[in-house]
Amino acid sequence: MFETIRKIGEAFRLPGTLYTFDIITNGNINTTYRVTYRDDNGNTKAYIFQRINTVVFQNPVQIMHNIDLVTSHIREKYPNERTLHFHHTGDGKNYVFDDQNCFWRVMNWVESITFDTCDDLSVIAATGEAFGRFQNQLSDFDGSQLYETIPDFHNTKKRLDTLFEHVAQDPCGRVSGVMDEIEYISSVRWKAGELSVRYANGEFPVRVTHNDTKSNNVLFDRMTKMPIVVIDLDTVMPGMAMYDFGDAVRFIANTAAEDEPEIQRVYFDTAKFRAFCKGFIGEVSQGLTQPEIDSLVLASFSITVELAARFLDDYITGDKYFKINYPQHNLVRTRCQLALAKDIMRKQAELEWIVRETVKEAKEK
Ligand code: GN1
Ligand code: MG
């Protein structure tokens, strides 16, 4: 690995000599390293080296094109906003292929802290603000310039259709062990797919969305606990505003980790939901249509079922998409997301009320 990293650093003309590299285990798709270089005076500088998973992102050059357009737009319109910067090679490209034909990119390391789980409601509200602001900043960006890097990424109906096709095929003989999960997903198939069908029918505006709004995709200042920058722009594409909201609360309002094996620990925390709502809605409420606002809770449920279906689909088809740490990992993730989806449904009325109150408060301000 040392030699591969060294050659990549050379292609990007990084000054100094390669000093250390450590893998960063965050992220289920790409492989990320923190790499440091040391100059002649002994000073070190850190970078992020990332190898893109080209099974998932089949055209990574298109991702870099999208990220370039999006970050340039933000930089031009909001010069004080921090955005991601990628290094360029001698021939002006922001990526390089290694000897094995793997796709790499390099960014500066940003000294920061991220939150996988978080009990601090003010940090949760700040995460909402960060993702809300990101969406606002792209509200006047022409999404038709972007490649659809993963087609139908958050088309829940299609995701569920695919799952049921694979259930019928049962390529790894795993289906008989997951009948309860399949039965539940089948019982909510229409409800979870509803928004994506209505979106396809033109009932909601096409926004430019982040599409992976986990709280650990916001870097925070270690001292002030204020957001520095929204990262992981690989899936920025046209999409539904409320799915960004839903994906974020799916992750941050879960009382446990996304892959918690003890289901009884998995709840949807309404106080955390309220805190995120306050931050997000405070930023975007002026720009959202009433049908979008009315769909925020359903979107939270839908994307949770969607992710459960994606994990289960990967389990049934032999764990080819998400990185797994142990053989049943995707099944454990599925069960966790389903427990969460059920709790969202149980609390639907209360969550709807919180959304209405938050919108009212935002308008009064
Ligand atoms: C993947 O790799 P990461 O952690 O940024 C996935 C998301 C899922 C997420 C679940 C391209 O994101 O859609 O919500 O795992 N990204 C892709 O943790 O499929
Ligand atoms: Mg991602």
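Three elements, α2 (60–77), α3 (121–137) and β8 (227–230), each supply at least two residues of the lining of the largest cavity. Keep in mind as you read that this is a predicted model.

**The cavity**

- Rolling a probe the size of a water molecule over the atoms shows where empty space is left.
- One cavity of 30 Å³ or more is found in the structure.
- The volume of the largest cavity is about 160 Å³.
- Its lining is made of 16 residues, and those closest to the centre are E81, R82, F134, V229 and V230.
- Sorted by class, the lining of the largest cavity has 10 nonpolar, three polar and three charged residues.
- Why does the largest cavity lie between domain 1 (2–108) and domain 2 (121–364)? It lies there because both domains give residues to its lining.

- The largest pocket holds about 990 Å³ of space.
- A total of 47 residues line the largest pocket, and N26, G27, N217, I231 and D232 are the closest to its centre.
- Which elements each supply at least two residues of this pocket's lining? They are β3 (44–51), β5 (103–108), α7 (241–252) and α10 (296–316).
- The largest share of the pocket lining comes from α10, with five residues.
- By class, the residues lining the largest pocket are 22 nonpolar, 14 polar and 11 charged.
- Domain 1 (2–108) and domain 2 (121–364) both contribute residues to the lining of the largest pocket, so the pocket lies between them.

**The two domains**

- The domain assignment of the protein gives domain 1, covering 2–108, and domain 2, covering 121–364.
- How far apart are the C-alpha centres of domain 1 and domain 2? They lie 27 Å apart.
- In the contact of these domains, 26 residues come from domain 1 and 28 residues from domain 2.

**Helices α8 and α12**

- Two packed helices are described by the angle between their axes and the distance between the axes.
- Helix α8 (residues 270–284) packs with helix α12 (residues 348–364) at an angle of about 35°, and their axes are 9 Å apart.
- The crossing of α8 with α12 is right-handed.
- On the α8 side, the contact is made by T270, F273, R274, C277, K278, I281 and G282.
- On the α12 side, E350, L351, W353, I354, V355, T358, V359 and A362 make the contact.
- Sorted by class, this contact of α8 with α12 has nine nonpolar, three polar and three charged residues.

**Helices α4 and α5**

- Helix α4 (residues 156–169) and helix α5 (residues 179–187) pack at an angle of about 140°, and their axes are 11 Å apart.
- Is the crossing of α4 and α5 left-handed or right-handed? The crossing of α4 and α5 is left-handed.
- Here L160, L163, F164 and V167 of α4 meet I182, I185 and S186 of α5.
- The contact of α4 with α5 has six nonpolar residues, one polar residue and no charged residues.

Definitions and conventions: Residues are numbered from 1 along each chain as its sequence is written. Chains are lettered from A and ligands numbered from 1 in the order in which they are written. This is a predicted model: local features need pLDDT of at least 70, side-chain atom pairs count only at pLDDT 80 or more; totals for chains, interfaces and linings use all residues. Side-chain values use heavy atoms; hydrogens and water are left out. On a 1 Å grid over the protein atoms alone, a cavity is a set of points where a 1.4 Å probe fits but cannot get out, and a pocket is an open set with protein on both sides within 12 Å along at least five of seven lines; lining residues have an atom within 4 Å of a point. Grid points are joined across faces, edges and corners, and a volume is the space filled by probe spheres set on the points. Helices (H or I, at least four residues) and strands (E, at least two) are DSSP runs, numbered from the N terminus. Ala, Val, Leu, Ile, Met, Phe, Trp, Tyr, Cys and Pro count as nonpolar, Asp, Glu, Lys and Arg as charged, and the others, Gly among them, as polar. Domain bounds come from an automatic or database domain assignment. Axes are lines fitted to C-alpha atoms, for helices over the stretch in contact, and angles run from 0 to 180 degrees between N-to-C directions. A crossing is left-handed if the near helix is turned anticlockwise from the far one by less than a right angle, and right-handed if clockwise. Contact means heavy atoms within 4.5 Å.
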